[in-house]
Amino acid sequence: MVDLLSIGQKNVPNYYCGGQMNLLAVVEGTGSEISNQISTVLGAYKIPQLHPFLRNIQFYNNSREGIHLDENMDLADNFDIVNWAAFPNQSIVSVKVGKIEKKTSSDVKLSIDQEAIVWPSWYNQTLPLSRCNENCHPGYTKVILKEKPLCCYGCDPCMEGTVSTQEDASHCDKCPEDQRSNKDLNQCIPKLKSFLSYEEPLGILLSFFVFVLTLMTSSVLGIFIKYLETPIVKANNRGLSYLLLISLLLSSLSSFLFIGEPQKGTCLLRQTAFSIIFSVAVSSLLAKTVTVVVAFMASKPGSRMRKWLGKSLANFIVYSCSGVQVGICTLWLGIAPPFPDSDRHSQPGEIILQCNEGSVAMFYAALGYMGFLAAVCFTVAFLARKLPGAFNEAKLITFSMLVFCSVWVSFVPSYLSTKGKYMVAVQIFSILASSLGLLGCIFLPKCYIIILRPHLNTKEHLMMKLKVGI
């Protein structure tokens, strides 16, 4: 600007010798702030600026559409990008290959259709890329890099459960609830169904244990049926022993209701059958223990407990205690019965097929009542463990109830801390462990005497032990 105001070898402001009578005007395109300062300086020398006049200029293009400048002296209209294509017959055709859209004063969108561009036949080179990195492949999404031009961007892999199917995807799409993303994160595939099946190693192992326990219980039941007239079998109510063995046999078989894909029938039966069967087993043990206590009290002269001797008291205990559990389960099935359900969110990539208990409160009510019966049975057996008698089972029942309660007390936190098929496996293991504890603690010592020490299984030996105990 100083060069405009002075003519000569040195720039001297306000020195216009040699420059007078020359036409001078300034058209400048700097920012508005600098333009205002230049206008102030040039105004002192009466040098006009053309921008104030250009602001009101409007002209027309070939389509007779008006074109004007905005407040920043920038073109305020949209433009088409035209490709002039020359053909061998010397004809020239204009092809629209893109456009420039001005959305706001600072936001301009440029879009070009590469397929519409007609390149000369002699141009056989690779087209230059308008970016500084390769395309983001399917399975990745574009990420803007800070302090980098828009043509430079990063590529981040999609998260688990989302996919992108196109190059340079701006975002990843979430898969439906019953599908998951594949390894390359570019396609949604069906989720795997997860349940405790007979084909997997865990299911095979548990099925084997169920078979072994069933075989053991059946063998003990067969031995007691074969030697039903022997003193050791007849002692402490032979009928209760058969009822307990049948309950243990059914409890081990009920484990098969937990293996396999959940169905409506198995979901209805698995928890209710398990609760009722174990309640019958614990009620039988409680009846055995009470029978020992009543028999000892009735042996005293003038005792009124003799009228309670016999099968009536034992049957009453079994029916009443088991009946309460049957009532709880009936109410459970009437209010909120269990049903097959699926969990699509706990495990990524899997749909957990499971039985919904319907009412969690009723499930824990049935489990809690069974625990209450076990606690009562343990307490009574513990108090009666030192009573005299040749075949007093109180000590055996005490130890068996201790094992039973330990298993089911540890079951609750283990059951709550697992999901899916492992939750089912925990319950099957608890059923088998508690059944094995009852079978081993109560019946194996008797089977040992019946099979290996038959000389102890006599009425004379029974009477001798009874005298020694008295």
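# Close-up views of a predicted model

**View 1. The largest nonpolar core and Phe224.** The largest nonpolar core has 61 residues, and those with the most contacts inside it are Phe224, Met401, Phe404, Trp408 and Phe443. Here a nonpolar core is a set of buried Ala, Val, Leu, Ile, Met, Phe, Trp, Tyr and Cys residues joined through side-chain atoms within 4.5 Å; buried means under 20% relative accessible area, exposed over 50%, and partly exposed in between, with a 1.4 Å probe and protein chains only. Please keep in mind that this is a predicted model, where local features need pLDDT of at least 70, side-chain atom pairs count only at pLDDT 80 or more, and totals for chains, interfaces and linings use all residues. Residues are numbered from 1 along each chain as its sequence is written, and side-chain values use heavy atoms, with hydrogens and water left out. Leaving aside neighbours within four places in sequence, Phe224 is in contact (heavy atoms within 4.5 Å) with Val233, Ser241, Tyr242, Leu245, Phe443, Lys446, Cys447 and Ile450.

**View 2. The whole protein, for orientation.** The protein has 13 helices and 14 strands; helices (H or I, at least four residues) and strands (E, at least two) are DSSP runs, numbered from the N terminus. Of its 470 residues, 36% count as buried. Among contacts in the protein with a separation of 6 or more, 55% are between residues 24 or more positions apart.

**View 3. Ala281 in helix 7.** Ala281 sits in helix 7 (residues 264–298) and is buried, with a relative accessible area of 1%. Its contacts, not counting residues up to four places away in sequence, are Leu244 and Ser247.

**View 4. Ser322 in helix 8.** Ser322 belongs to helix 8 (residues 311–335) and is buried, at 9% relative accessible area. A polar atom of the Ser322 side chain lies 2.8 Å from the backbone oxygen of Val318. Setting aside residues up to four places away in sequence, Ser322 touches Ser279, Val280 and Ser283.

**View 5. Salt bridges.** A search of the whole structure finds four salt bridges, each a side-chain nitrogen of Lys or Arg within 4 Å of a carboxyl oxygen of Asp or Glu. One of them joins Lys421 to Glu200, with the closest N and O atoms 3.0 Å apart. This pair links distant parts of the chain, 221 residues apart: Lys421 is in helix 11 (residues 421–442), and Glu200 is in the loop between strand 12 (192–194) and helix 4 (201–226). Glu200 counts as buried, at 14% relative accessibility. Asp80 and Lys96 form another, their closest N and O atoms being 3.5 Å apart. Asp80 lies in strand 3 (residues 79–86) and Lys96 in strand 4 (residues 92–102), 16 residues apart. In the salt bridge of Arg238 and Glu229, the N to O distance is 3.7 Å; Arg238 is partly exposed at 26% relative accessibility, whereas Glu229 is exposed at 54%.

View 6. Glu357 is found in the loop between strand 14 (350–356) and helix 9 (360–383). Beyond its neighbours within four places in sequence, Glu357 is in contact with Gln271, Trp332, Ala336, Pro337, Pro338 and Tyr415.

Definitions and conventions. Polar contact = N/O pair within 3.5 Å; in protein donor to acceptor, adjacent residues only side chain to side chain.
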